[in-house]
Amino acid sequence: MSDMDELYKEVILDHYRAPRNRGRIEEAEVHLHRDNPLCGDEIDLYLDLEDGKVKGVTFEGRGCSISQASISMMTEALTGLTLEEAEGVANSFKHMMQGDAEVESEDLGELVALKGVQKYPVRIKCAMLGWNTFLEGTKSYREKP
Ligand code: ZN
């Protein structure tokens, strides 16, 4: 295992052991519960959206280290961004996980730690769970009358 792989593994384990932004948001604009039955991962995602901005992202969940670390990293990456920016990061992350070479890894910061997961196709669903839920949540938020 290379030094880089070791570093990435550490980042993932750190988020798994000490998840960021865990908890719920009362009166969240978006609250979704989603799971990944293939692995048994479950999450509740809460979004505090105001004036076109992502003011807060929190979650509760259980499951494998990849699913829980990925959503913890997501909450840090998206908090404070505009809705458009946050959706852009989510789509870039999705493309990275799909092996799209055009994604500039440096734009994704520590999220590149999850790139190695693409070598294990069954785990990609674990890594994407939080992100797909986020994109689903903002889509339904926009479609609200
Ligand atoms: Zn999983």
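The model is predicted. The zinc ion is coordinated by Cys39, Asp41, Cys64 and Cys126. Asp41 also has a bridge partner in the sheet, Asn36, and a polar contact with the side chain of Ser67.

**Zinc site**
- Along the chain, the donors follow the spacing C-x1-D-x22-C-x61-C.
- Cys39 has a relative accessible area of 37% and is therefore partly exposed.
- Asp41 is buried, because its relative accessible area is 0%, under the 20% cut-off.

**Ser67**
- Ser67 belongs to helix H2, which spans residues 65-78.
- With 1% relative accessibility, Ser67 counts as buried.
- The side chains of Ser67 and Asp41 make a polar contact at 3.2 Å.

**Sheet and helix**
- Three strands form an open antiparallel sheet in the order S1-S2-S3.
- Strands S1 (30-36) and S3 (53-62) are the edge strands, each pairing on one side only.
- Neighbouring strands are turned by 20° against each other on average, direction ignored.
- Seven bridges join S1 to S2 (residues 41-50), and Asp41 in S2 is the bridge partner of Asn36.
- H2 packs on the sheet and touches S2 and S3, with its direction at about 165° to that of S3.

Terms used: Residues are numbered from 1 along each chain as its sequence is written. This is a predicted model: local features need pLDDT of at least 70, side-chain atom pairs count only at pLDDT 80 or more; totals for chains, interfaces and linings use all residues. Side-chain values use heavy atoms; hydrogens and water are left out. Donors are N, O and S atoms within 2.8 Å of the metal (3.2 Å for Na, K and Ca); water is not among the atoms, so sites may look incomplete. Buried means under 20% relative accessible area, exposed over 50%, partly exposed in between (1.4 Å probe, protein chains only). Helices (H or I, at least four residues) and strands (E, at least two) are DSSP runs, numbered from the N terminus. A polar contact is a pair of N or O atoms within 3.5 Å; within protein, one must be able to donate a hydrogen and the other to accept it, and residues adjacent in sequence count only if both atoms are side-chain atoms. Two strands pair if DSSP finds at least two bridges between them. Axes are lines fitted to C-alpha atoms, for helices over the stretch in contact, and angles run from 0 to 180 degrees between N-to-C directions. Contact means heavy atoms within 4.5 Å.
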